[in-house]
Amino acid sequence: MSKETPVKESRIAVLAKRLHLSKSAVNVVLALVAIFWLVPTISLLVISLRPESLFGQSGWWTVLTAPSQLTFGNYATIFSQGFATGGVLDSLITSLEITIPATILVALISSLAAYSLVFGFWRGRDTIFLVIVGLMVVPLQVALIPVVQFYRELGNLFGLNPYGTIPGVIIFHVAFGLPFGIFLMRNFLSGIPKDLLEAGRIEGAGEWKIFYRIVLPLALPAIASLAIFQFIWVWNDLLVALVFLGGNVHSPLTIFLYDQTRSLAANYWIVSTGAVVSIFVPLIVFFSFQRYFVRGVLAGAVK
Amino acid sequence: MSSVTLRELTKQYTGNAALSLDSVSLDVAHGEFICLVGPSGCGKTTALRMIAGLESVTSGEIEIGDRVVNDLAPRDRDIALVFQSYALYPHMTVFDNMSFGLKLRKVPKDEINTAVTDAARILDLEQYLDRKPSQLSGGQRQRVALGRAIVRSPAAFLMDEPLSNLDAKLRVQTRAEIARLHQRLGATMIYVTHDQVEAMTMADRIAVINLGKLEQVGSPRELYDRPANQFVAGFIGSPSMNFVPMHVESVDGGIRVVSAGGDMDVTLDDVESDMIRRAGVSDVVMGVRPEHIDHLARSGRGLQLRASVDVIEFLGNDEHVHLSSGGHELVAIVDARTPLTIGDSLTLSASSEAIHLFHPETGIALK
Amino acid sequence: MVYPTIATIRFSLYNETATKFVGLHNFASVFSTDAILTAFKNNIVWVLIFPFFVTFIGLMVAVLTERIRWATAFKTIIVMPIVFSTTASALVWRTIFDLNPHVGVVNAIEQTVSDWFRTPGAYPLNTAIGQTTASLASFNATGGPGGTLVNKSVVHPGGTVMMGLTRISSVTLQTLGATTPVAPRKIAGGIAGLVWNDFSPLQTSNTTTIVSDEHGLPNLRLSLVSSTGSSVASTATNSSGDFSFSHVAPGSYHVEILASNFQNAFEGTFWLGSQSITPTNGLNQTAQSLLSVPLIDLAMIISYIWIWAGFAMVLIGAGLAALNREVLEAAEIDGATEWQKLRRVTIPMLAPVLTVVFVTMVINVLKVFDIILNMAPGSSQGPATTLALSIYNDGFTGGIHSGVASAIAVILFLLVIPIMFWNLKKIKG
């Protein structure tokens, strides 16, 4: 096949040249769309930076002509509690306490399980995989009530009721993150040629060594995508947190925000600061690992 | 049917210093089958795509019929292109694939029907009209791609290596089909390939392109008998021409060309000697085709050579004999019945008509 | 994970406190409770509207993005909302749809547009208490066409007109800077007059004459209408309520107070409310549960599209990039314009990707929960609720009604099963 490499770029150039008129129209349309998309986020930020007195009297968009309106007053208020229980920083830490272990566990277990599914030979291997794929679609709600009961049973039997505790939430998140995680890792790992492992075996490496030194390094991009996706999913979760940590003294940011929204419904200037704080972490994760994030989305998220 | 003319056609991709096509001029006559051949990356596909309108022109003109089409969109040029990968619409049936272009031009339904069924008959596709491309074999898909082009009755057919994705046997078969198609339709066809066998067997004329430059245009016979330079000589013909660097000597008022070891020499007549003298070179590259080397001795003009046999390839009717002579390697084709063994020392010769001499630096044919 | 599913099914067949086996009783109550039927309906509304539009927008954006240079930046902007918690997003959109035009962008725009077409008057009627223009007048007047107030008395050049209006709020008077009214002086060849607030706390029974603590009505637009019925001049009152028409030709006239003075200010659209788009006001309760489409559903769907369009765009963009370019070139040579190429070649070839996106979005939307919880104000929670939310509400708030909640969960699960099988088939093949 005599395909010259510069061909691809010139095709686009020809296309663009031919569409010279419509190109500017497209740019305008997309610019408008982009602005529309940014407005909500910007509005949130601006509202949180405007003093209480201005709220409801003039629109936040007036900040464009009068930037002196901006103030950090609301943030001072919301952080004034410091690390005290029930404050925003406490919730931030709680969120981290839930999300980080959940992410690490899912990444680890998914990799191991996927490794076994791809390179292991045992009866029922393919059936189990199909079951896992099927389970990806199951909505969380279906499992909530039984698991609550289950936790209670555990409490009765062992004196350790995970309901209402952070580990309880983590376990639930891991359980529901695994089907997708295993699916993703398995698809990725099946692209690794078996020869690599056989070469390792011939050289005398045991199974664990092979996993640790050959497979894992190769799988890093997929693990990164999975980790990021899982992180953001757990960080932003509200339902599971509400069910399992509803009355708890420490609550993650999502519950914190939810409570604020309910109790201070009209005090948008305060509530939006909480929202901005809750957005902050995922945004950083997103911008740093954009490429991996998009890959995770592409892996056919069926969440 | 129209003629197609390229005038000083040049293409430079942005960011590349080199020219993908360098001032190529070509006149394709109305109804002619012309092949653009050359090695991978030589620019032949670029030229074809420029004629189609899929690549922009850096400088030069393209004429289809009497119109300069440089600024026309592909759909307005009245050409059809058969892609190497067929590029069939995967979601449409064979019938829809072939009728798509006509439907877009709002041709009435019964005309479409006739055109498509006619083309299908010619290409033996009638029973596949309801199938989708995924249900067809490679050869069948190729024919659908051809059918799509035929149905449009374009001013010119453009074909981009249409046979390279087919297996060897199918290739030979389809080659003949395309040739037959050309005779039947009398269409102007511009055919791109890297396979010189395809070019030799199908084309009225061949244009050899190398590194963006047009090396030579001519009928297959012209290119075979009188290659304009070393590149064309080596490209046309299989197995390819033997090349040996030789030194020019004056002898008895004439010119003799000798190889370094002295095992090969060519004696030239007066006219030929004159040409060499005027070229003013002290070295030349001698070219001779394997099929022109005979296992016998000759005297007088032409090539004499002494060599030993390295490898013998038996091909049924012929044998390809790989020889070494004074450090140079050559291939000769002899009758299979010739008794030969590896290691034999042979005397071989070739007539002077079969000898080509090329300038050692420019490669241009001196004789 | 399998165990919980089975356990849920078991729960759904038991009663509230999981002690007595009640068979399908719970399911029956699911289908007869209005609240749950509403939830059901809302799920249907979501499923019908959201997946289609989000896929459509994702497709359009993916296609257009191919042509611009700043594609990466653009994609980042569109994808970004996915990383926000639904709670935060719900909050943002709640402010955007807020009724107050100083908070909600949408209503602000609506007001600007509305004011441009229909300038609000200085003296809006309070339609809530049934005010009409005629009811305001303490002089001889009738209500004219389009809401004008017509003074029935005829006046000639050189004459004066006195028009007293009642029921004007003091706030309005203060805002407009109304001052003490001055009795109009006659103008030769002209017509002078006064419009004032004919209500005095001191002399409540005194109408038609000016009392010292009354106020004139400023900025009131008037028109002088001739006997033929056409307007010959127009003017407005000053801060004391006085006005005049000069250079009036001889004849009989009457004065009209223009309708525009009484036009209501823009009231705003309560996007977050349960007012139905479909006309269901007369129907019984159950029918309403099933057929009314609350406005807030639309608002929430719009915000949800904002969140997820990026997802659709990324997947479709990948699908687009993977398309065989030569097929598109073949279409060009066949004679297709850009639009035809898109419609007849690109989109059909994208069918598999579009299906995946669509189905994924359907699944996503069946479980929609936190956006409703956070975006709908208390009053709208009921009308806007969905099945997933009901499970939460019934199962985990108030008492533990595990039976009914489980029944709902089972129904949700059943809805999801066909998709599960479809997914499995896809993976296998």
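Me: Where in chain C is confidence highest?
Reply: Chain C averages a pLDDT of 77, and 81% of its residues score at least 70. Confidence is lowest in helix 1 of chain C (residues 2-12), where the mean is 60. The highest mean, 91, belongs to helix 11 of chain C (residues 325-334).

Me: Over which residues of chain C is the pLDDT below 50?
Reply: Where pLDDT is low, the predicted coordinates should not be read in detail. The stretch concerned has eight contacts in the model beyond near neighbours in sequence. The pLDDT is below 50 over residues 15-19 of chain C.

Me: How many helices and strands are there in chain B?
Reply: The C-alpha trace of chain B spans about 80 × 45 × 35 Å along its principal axes. Of the 367 residues in chain B, 43% count as buried. The secondary structure of chain B consists of nine helices and 19 strands.

Me: Which strands stand at the edges of the six-strand sheet of chain B?
Reply: This open sheet has the order 6-7-8-3-9-10, with mixed pairing. The twist from one strand to the next averages 15°.

Me: Is strand 7 of chain B mostly covered or mostly open, and which residues lie on each face?
Reply: Five of the five residues of strand 7 of chain B (residues 156-160) are buried, and the strand is mostly covered. Both faces are covered: one side carries B:Ala156, B:Leu158 and B:Asp160, and the other carries B:Phe157 and B:Met159.

Me: Which residue stands opposite B:Ala156 in the pairing of strand 7 of chain B?
Reply: Strand 7 of chain B pairs with strand 6 of chain B (residues 79-82) in the parallel sense. The pairing runs over four bridges. The residue opposite B:Ala156 is B:Ile79.

Me: Which residue of strand 8 of chain B stands opposite B:Asp160?
Reply: Strand 7 and strand 8 (residues 189-193) of chain B run parallel and are joined by four bridges. Within this pairing, B:Phe157 stands opposite B:Met189. B:Asp160 stands opposite B:Val192.

Me: Which helix makes a β-α-β unit with strand 7 and strand 8 of chain B?
Reply: The two strands are parallel. Together with the helix they make a unit that is right-handed. The helix is helix 5 of chain B, residues 168-185.

Me: How do the residues of chain B that touch chain C divide into nonpolar, polar and charged?
Reply: In all, 17 residues of chain B are in contact with 15 residues of chain C. Strand 6 and helix 2 (94-104) of chain B each supply at least two residues of this side. The division is 12 nonpolar, three polar and two charged.

Me: Why is helix 11 of chain C largely enclosed, and which elements do its buried residues pack against?
Reply: Helix 11 of chain C is largely enclosed by the rest of the structure because eight of its 10 residues are buried. Among the buried residues are C:Val327, C:Leu328, C:Glu329 and C:Asp334. Just after the helix, C:Gly335 takes a positive phi of about 115°. The buried residues pack against helix 1 (44-52), strand 6 and helix 2 of chain B, together with helix 12 (338-366) of chain C.

Me: What is the order of the five strands in the open sheet of chain C?
Reply: The pairing in this sheet is antiparallel, and the twist averages 25° from one strand to the next. Strand 2 (residues 149-151) and strand 9 (residues 253-257) of chain C pair over two bridges, with C:Leu149 opposite C:Ile257. Strand 1 (141-143) and strand 7 (231-236) of chain C stand at the edges. The order is 1-2-9-6-7.

Me: What share of the contacts in chain C with a separation of 6 or more joins residues 24 or more positions apart?
Reply: Chain C has 16 helices and nine strands. Buried residues make up 45% of its 429 residues. The share asked for is 68%.

Terms used:
Residues are numbered from 1 along each chain as its sequence is written. Chains are lettered from A and ligands numbered from 1 in the order in which they are written. This is a predicted model: local features need pLDDT of at least 70, side-chain atom pairs count only at pLDDT 80 or more; totals for chains, interfaces and linings use all residues. pLDDT is the predictor's confidence in each residue, from 0 to 100. Two residues are in contact if their C-beta atoms, placed from the backbone, lie within 7 Å. A residue is buried if 20 or more other C-beta atoms lie within 10 Å of its own, exposed if 12 or fewer, and partly exposed in between; C-beta atoms are placed from the backbone. Two strands pair if DSSP finds at least two bridges between them. A crossover is right-handed if, with the strands pointing away from the viewer, the path from the first strand over the helix to the second runs clockwise. Ala, Val, Leu, Ile, Met, Phe, Trp, Tyr, Cys and Pro count as nonpolar, Asp, Glu, Lys and Arg as charged, and the others, Gly among them, as polar. Axes are lines fitted to C-alpha atoms, for helices over the stretch in contact, and angles run from 0 to 180 degrees between N-to-C directions.
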